[in-house]
Amino acid sequence: MRITDLLSPESICLNGRADSKKDALDQIVDLMAKSGRLRDVEKYRRGVYAREEESTTGIGEGIAIPHCKSDAVVRPGLAAMTLPDGVDFDSLDGEPATLFFLIAAPNTEDNVHLDVLSKLSVLLMDEDFTEQLRQAKNVEEFLRAIDEAESGRDEKEEETAQETKRGRKLVAVTGCPTGIAHTYMAAEALEKKAKELGYDIKVETRGSGGAKNVLTAEDIAGADGIIVAADTKVPMDRFAGRRVVVTKVANGINRPGELMEESLSGTAPVYEAGAAGGGEEEEEGGKGSVGHQIYTHLMNGVSHMLPFVIGGGILTALAFLIDTLAGYGTSGGASFGSCTPLSAFFKYIGGLSMNMMVPVLAGYIAYSIADRPGLAVGFAGGLLAANGNAVLMGTPFGEQTDLLRGIHKFIADFAFVGENSGNTVSGFLGGIVAGFLAGFIVLGLKKICEKLPDALDGIKPTLIYPLAGIFAVGVLMCFIFNPLIGLINTGLSNMLSGIAAAGMITVLGLILGAMMAIDMGGPINKAAYVFGSGMLATAAQMMAEGAQASDPAVQACFISMAAIMAGGMVPPIGIAAACWLFPKKFTKAERGSAVSNIVMGCSFITEGAIPFAAADPAHVIPCTMVGAGVAGFLSALFGCTLMAPHGGIFVFATVGNPFMYVVAWLIGSAVTAVMLGFIKKNAETD
């Protein structure tokens, strides 16, 4: 099959004009429809749009290759279009696109067309060829240029196959998520540069049709340099003990010479089997820097945690809604959300799911670092971060000897679980720490156990790693990280009480709001919430003793709780707004969770923002903290009050000055969204 077999004359438009990227896509989809290769034009069009939202197909140099694999395609095809004046297509180099090829691929296992499409991709690397297409005066001349270039390419490949290449030997692997264009363009760029420099190279391409030109053990053993230019999973353990340059597929296209020189210089990192970020069957392609590795480990935890946050959060929100509809919005008190059997059921299973998010986060960070042996150790560390050290409080030893009494006192003192202990729950920030601790503890154990007899290999992952690892991470979390959080919480509680006693109510609102958005359900957030709940209890006590709800001291208690809930509702709402206003700042998965964040934000479930904060804490947390602080400040300034400890919009009936309360909440959310738009970097795209 040749390129011209997929390209019908009626699906070609020369010297056209488009006003926008959407207009260009619509025109070329209509051209594809004329070829009769689509069974559902609008479904295919939506697929093309969806692919474009993931990342631009404007590859630079004036070329765009939009594509879609869909059930709406009857048989594979191409459509082509030239726009002499160009159109802004969000191309990688920022230049207008003037030459378009649209790919239609059926959603079948038959991928014969991929060989043709890969050939087109590499032909488009030739500037003379693309200029010839742009200058074609009619469709016949356009097709003839393609046919001649393809024939020349086939002859060149045949000649190259017969040559015995001289010089140093390289092997490479290229791959992109879609496996249609960039995979083969990177391979072509590497092969072209290798020939120019006199190197012998074999490139394995891992496209959507599977791996082609697969490297053998002999290829790898005889290579002087190894390059992996991929944004998708690549089997890596075959390179164990060899120096490997690991980079993005875009660098394979744009920097082939630099990659070759680096791979031959002897300075590339040595890949170790089962190394951090890799497994026996796959390794995340991309930047090899320490920062990128940390990001990769963190995102592995976040991606596994996200379903627990969304599923559990929405079920909890439904529990609040059920109680509101049942008439408990103003009378449920601390039991709000579980006042009826149905709401209690939803809150129970939602709460269990939400409680799993920190252990899952820690477990899969550790799994990314240390493979399967890290999983149990990470889960244990995450559970300790989520539950703190309170279980140790008052644990008896029975008939104690002096030694046991001393051990008991040591644990109570050093784990800060005595009478004056603070809250030792370290939350999702502690979960991140626990995940990295667990991963590197297991890597250390693996290193230590290398010296053990081979006969013990079977018990390393089932006994040695989990036993020693869980003990080590438990000691570190219980005696260092959780206690440190306890000290912080005690200090925060004392500070808040002092500010409240001084009557600085707007300052208190600012601080309480900001605290709700620093660690989203973690110790700082919980310190603020516990303080607010305590203020409600204080107000109830004062009113029981004869005080009126309008008394300033009682009002201060209710104002504090209102500021807390306003601040806690800001992060999910602000982030959801930013996803819509600044889509390039977020990944496709993050944008997809915007609606669920609206639900959780409206329900006062701050944890909806955790995946975003965990993925990019340096940029997201300051934005959420400032926005939440503004909301808390304005809520206190407007004198808004709240008599319920939870519930979000479902308890707005208990809010004093509700209109200005909504204004404070929305302004704070807008501040977060705008700050994210200016501060957050663009997300890495596939």
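Rings of Phe, Tyr and Trp count as a pair if their centres lie within 6.5 Å, and planes over 60 degrees apart make the pair edge-to-face. The legends below describe a predicted model.

**View 1. Aromatic pair F89 and F100.** By the ring-centre rule, the count comes to six aromatic pairs. In one of them, the ring centres of F89 and F100 lie 5.3 Å apart with the planes at 80°, so this pair is edge-to-face. It links distant parts of the chain. F89 sits in the loop between β5 (77–87) and β6 (97–106), while F100 is in strand β6, 11 residues apart. F89 and F100 are both buried.

**View 2. Aromatic pair F586 and F612.** Here the ring centres are 6.0 Å apart and the planes stand at 75°, so F586 and F612 are edge-to-face. F586 is in the loop between α20 (552–581) and α21 (588–592), and F612 is in helix α23 (residues 610–615), so the pair ties together parts 26 residues apart in sequence. F586 has 3% relative accessibility and counts as buried. F612, at 2%, also counts as buried.

**View 3. Aromatic cluster.** Y364, Y367 and F379 form one aromatic cluster.

**View 4. Salt bridge K680 to D616.** The structure holds 15 salt bridges. In the one between K680 and D616, the closest N and O atoms are 3.7 Å apart. K680 lies in the segment after α25 (658–679) and D616 in the loop between α23 and α24 (617–637), so the bridge ties together parts 64 residues apart in sequence. Both K680 and D616 are buried.

View 5. R134 pairs with E131, with 3.9 Å between the closest N and O atoms. The two are three residues apart in helix α5, so about one helical turn separates R134 and E131. E131 is partly exposed, at 36% relative accessible area. R255 pairs with E258, and their closest N and O atoms are 2.9 Å apart. R255 is partly exposed at 30% relative accessibility. E258 is partly exposed at 48%.

**View 6. Negative surface patch.** E61, D93, E95, D126, E127 and D128 gather in a patch of negative charge on the surface. E127 belongs to helix α5 (residues 127–134). With 59% relative accessibility, E127 counts as exposed.

**View 7. Nonpolar surface patch.** L452, L456, I459, L463 and L467 form a nonpolar patch on the surface. Together they have about 400 Å² of accessible area. L467 is in helix α17 (residues 460–501). L467 is exposed, with 59% relative accessible area.

Methods: Residues are numbered from 1 along each chain as its sequence is written. This is a predicted model: local features need pLDDT of at least 70, side-chain atom pairs count only at pLDDT 80 or more; totals for chains, interfaces and linings use all residues. Side-chain values use heavy atoms; hydrogens and water are left out. Patches are made of residues with over 30% relative accessible area and no salt bridge: like charges are joined within 9 Å, nonpolar side chains (Val, Leu, Ile, Met, Phe, Trp, Tyr) within 5 Å. Accessible areas come from the Shrake-Rupley method with a 1.4 Å probe; for residues, only the protein chains shown count as cover. A salt bridge is a side-chain nitrogen of Lys or Arg within 4 Å of a carboxyl oxygen of Asp or Glu. Lys and Arg count as positive and Asp and Glu as negative; His and the chain ends are not counted. The place of a charge is taken as NZ of Lys, CZ of Arg, CG of Asp or CD of Glu. Helices (H or I, at least four residues) and strands (E, at least two) are DSSP runs, numbered from the N terminus. Buried means under 20% relative accessible area, exposed over 50%, partly exposed in between (1.4 Å probe, protein chains only). Rings of Phe, Tyr and Trp (its six-membered ring) pair if their centres lie within 6.5 Å; planes under 30 degrees apart count as stacked, over 60 as edge-to-face and the rest as tilted.
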